[in-house]
Amino acid sequence: MFGQVLYTQWKWARTELFLYVLAAFLVPTVIIRIGYSQVDAYSISNVLGVMGFAGAFFGVLALVCAFGLAWRPYIIDASLRHVGPLSLPVPWATFVRLRFLAGATLLLIPTIAVLLGGVIATATSVVPATLHAYPGGVAIRFLFASLIAYSAGFLLQYVAGKHAVRVAIGLFFLVIAVELAVTLLGYESMVLRVWNVFTTWPGPFSIFNARWMLIDV
Amino acid sequence: MCDLTSRRRSWFVALTLVAAATSPRPAHAQSTGELRIRLLAATRHGQILKDSVKALHEMRTLEFPSDSLATSELKFRFLKSNVGADLQATLQAAGTHAMSVADSMFGDAVRGIAGTTSILATRSRSRFGQFSTVDMVTLELADGGGRSTLIRAPVTQRKLEDGILDLLGTMATARVPSNVIQWAGGWVPSRRLTHETWEDAAIDLASSNAAIARTCYSGSVPACESALGLTDVHDALSEWYAPEGWRILVSSWTPPKDAYSVIADRAECIEKKATQVCERLARSRPVPIPLSFATRSTLFGLALERGGRPAYSRLVGAKGTPLQMLSTAAGVSPDSLIREWRTRVLAATPKSASPSPVEATVFIAWTLIFGFVAGRRRP
């Protein structure tokens with residue numbers, strides 16, 4: 001059963017996965033090449049600046065991969081009113097878990113591309129003496145970050161259903177409105193507090209807050 | 001219809017004329033005389049502003065009662081009608097806690113430090129464009145002292161504590177030998193060093209363009225002392241920086257727009273990597289100490305932490321070079337202090353490597369929780 005679900009999701013997602021793999025594989029090398037041509041490799045702070053830029057790319061790619069893989073299967077199922085999944089001889093919850101597992105498994109593909117891209121990018125660059133290359137570390141961070149973002153996107157999609165986009169936009173505007181009101185009334189930002197809970201250890205999104213540097217101190 | 005068009009045209013012409021009359025005039029070269037007059041005027045305005053601030057400060061010093069609030073030796077002066085009962089209570093709590101934090105750094109000397117002068121507190125409220133009032137509190141030293149701190153809304157006990165600790169650090173600075181303060185380039189640290197401060201120092205050490213900093217990174221204690229600016233150097237440029245570093249130094253500053261020969265030399269240094277030109281240009285400016293003021297302050301903070309409560313008192317009475325005085329304060333030899341500092345800096349290096357097993361477990365747990373909850377609702 002899992003094999004079938006995985007195969008179906010692979011068929012649906014293979015084009016975008018190809019794009020993610022291409023981006024994960026090439027973009028770090030391209031950013032480092034362009035970055036190094038603009039800065040002096042001896043100026044270590046400049047090298048760290050370029051790496052920070054490449055790191056931001058990995059974070060964004062993790063989000064894009066995750067949300068793409070989380071939302072697409074649901075949208076396809078919803079367009080057919082979930083007839084396929086509901087007619088299967090397994091409970092809905094079991095089916096959703098298989099879908100979840102299949103998407104999470106597919107995230108390994110861009111992770112491997114990140115690893116290989118990172119290895120090639122750092123092997124072909126000058127690494128200053130006081131810095132080190134971390135292609136493996138970045139790949140593992142990428143895997144965890146994409147898993148977290150994938151599961152959050154999956155949760156939103158499968159709980160809010162066809163209203164997921166509206167719920168996401170509504171949440172966004174609610175946050176803006178609360179923040180605006182709180183600021184105007186002169187109180188401490190609540191949004192900042194909630195944001196800190198989610199983005200600092202042991203919050204789920206603290207992985208995005210870490211250093212994503214291919215070459216770092 | 002024709003009348004309407006004619007009226008529109010006349011409006012358009014009038015608006016064009018007004019726009020032409022009020023548009024910015026093209027810049028023209030200024031003579032030396034004009035520039036001198038402008039410079040003198042600016043200096044006079046600056047002096048007037050400085051005098052006004054001083055007069056305002058003196059007015060507040062005279063106006064505020066001397067016994068507004070006291071927590072231990074720390075005294076605050078403010079107008080009760082201005083500060084209000086709520087802020088007064090918060091200020092008292094913040095003062096008490098700040099004194100206990102400062103006590104861990106300065107020991108018994110904290111009482112003497114806090115008694116040096118009182119802190120003036122002024123509360124200002126803003127209603128402009130707001131639905132409700134927004135508080136701001138200014139804390140400043142009564143004897144001037146060169147430091148004041150503004151606490152923006154929302155005014156919390158934590159923010160007040162930080163402000164008070166900053167001012168205690170300023171008061172403590174006045175007693176410390178001037179060559180240590182000159183070396184540190186700031187005030188005496190009044191609170192314990194945080195992990196973030198050490199982390200910044202680790203990044204500074206690893207990313208410094210100075211060759212001496214790399215030697216320090218590799219493990220040489222004398223190199224660390226030199227990179228921190230604690231030892232005498234005969235030729236700072238060649239002793240601290242390698243020729244590649246000269247280029248980075250030159251590229252880090254922008255020459256004036258009309259210094260054409262310097263601009264050309266700079267381009268030759270950076271683009272053609274002409275070492276002699278780089279050296280000449282680098283020598284034309286003061287050579288910076290390889291490690292930043294913030295990094296140096298970690299050594300200062302470590303010396304106070306290492307020496308315990310009597311460290312500050314020992315520092316005040318110490319003599320010699322800044323390194324000798326810091327080691328006297330710490331109660332260890334200079335080399336041991338620098339070795340410990342280097343170990344602490346390297347230990348704080350931020351981790352770009354993979355997450356730890358605990359972190360990985362927590363992230364997997366979050367993923368599973370989200371995935372499990374997702375299956376609870378049928379479409």
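Visitor: How many residues of domain 1 of chain B are in contact with domain 2 of chain B?

Guide: A contact between domains is read by counting the residues on each side, and in this predicted model seven residues of domain 1 of chain B are in contact with six residues of domain 2 of chain B. Domain 1 covers 69-175, while domain 2 is made of two segments, 195-241 and 287-347, and the centres of these two domains, taken over C-alpha atoms, are separated by 31 Å. On the side of domain 1 of chain B that touches domain 2 of chain B, the classes are four nonpolar, one polar and two charged residues.

Visitor: Which elements of chain B supply the side that touches chain A?

Guide: One begins with the residue counts and then asks which elements contribute. Here 39 residues of chain B are in contact with 42 residues of chain A, and the elements of chain B that each supply at least two residues to its side are strand 4 (134-141), helix 7 (195-207), helix 8 (211-218), helix 11 (243-251) and helix 18 (357-374). Helix 18 of chain B gives the most, with nine residues, and the side of chain B as a whole has 20 nonpolar, 12 polar and seven charged residues.

Visitor: At what angle do helix 12 of chain B and helix 13 of chain B pack?

Guide: A helix pair is described by an angle, an axis distance and a handedness. Helix 12 (residues 260-271) of chain B packs against helix 13 (residues 275-283) of chain B at an angle of about 130 degrees, and their axes are 8 Å apart. Because angles of 65 to 115 degrees count as roughly perpendicular and those over 145 as roughly antiparallel, this value makes helix 12 of chain B oblique to helix 13 of chain B. The crossing of helix 12 of chain B past helix 13 of chain B is left-handed. Helix 12 of chain B brings B:Asp265, B:Arg266, B:Glu268 and B:Cys269 to the contact, and helix 13 of chain B brings B:Val277, B:Cys278 and B:Leu281, a set that divides into four nonpolar, no polar and three charged residues.

Visitor: Is helix 16 of chain B mostly covered or mostly exposed, and what covers its buried residues?

Guide: Burial is counted residue by residue, and then one looks for the elements that do the covering. Helix 16 (residues 322-330) of chain B is mostly covered, with eight of its nine residues buried; among them are B:Leu323, B:Met325 and B:Leu326. The covering elements include helix 6 (178-184), helix 9 (221-227), helix 14 (293-307), helix 15 (311-317) and helix 17 (334-347) of chain B. After helix 16 of chain B comes B:Gly331, which has a positive phi, near 80 degrees. For chain B as a whole, which has 18 helices and five strands, buried residues make up 35% of its 379 residues.

Visitor: Why does A:Arg193 count as exposed?

Guide: The label rests on a neighbour count: A:Arg193 has 9 C-beta neighbours inside 10 Å, and therefore counts as exposed, since the cut-off for that class is 12 or fewer.

Visitor: In what order do the elements of chain A run?

Guide: Such an order is read from the N terminus on, and for chain A it is α-α-α-α-α-β-α-α-α-β, which comprises eight helices and two strands. Its C-alpha atoms fill a box of roughly 60 × 55 × 25 Å along the principal axes, and 37% of the 217 residues in chain A are buried.

Key
Residues are numbered from 1 along each chain as its sequence is written. Chains are lettered from A and ligands numbered from 1 in the order in which they are written. This is a predicted model: local features need pLDDT of at least 70, side-chain atom pairs count only at pLDDT 80 or more; totals for chains, interfaces and linings use all residues. Two residues are in contact if their C-beta atoms, placed from the backbone, lie within 7 Å. Helices (H or I, at least four residues) and strands (E, at least two) are DSSP runs, numbered from the N terminus. Ala, Val, Leu, Ile, Met, Phe, Trp, Tyr, Cys and Pro count as nonpolar, Asp, Glu, Lys and Arg as charged, and the others, Gly among them, as polar. Axes are lines fitted to C-alpha atoms, for helices over the stretch in contact, and angles run from 0 to 180 degrees between N-to-C directions. Angles under 35 degrees count as roughly parallel, over 145 as roughly antiparallel, 65 to 115 as roughly perpendicular and the rest as oblique. A crossing is left-handed if the near helix is turned anticlockwise from the far one by less than a right angle, and right-handed if clockwise. A residue is buried if 20 or more other C-beta atoms lie within 10 Å of its own, exposed if 12 or fewer, and partly exposed in between; C-beta atoms are placed from the backbone. Domain bounds come from an automatic or database domain assignment.
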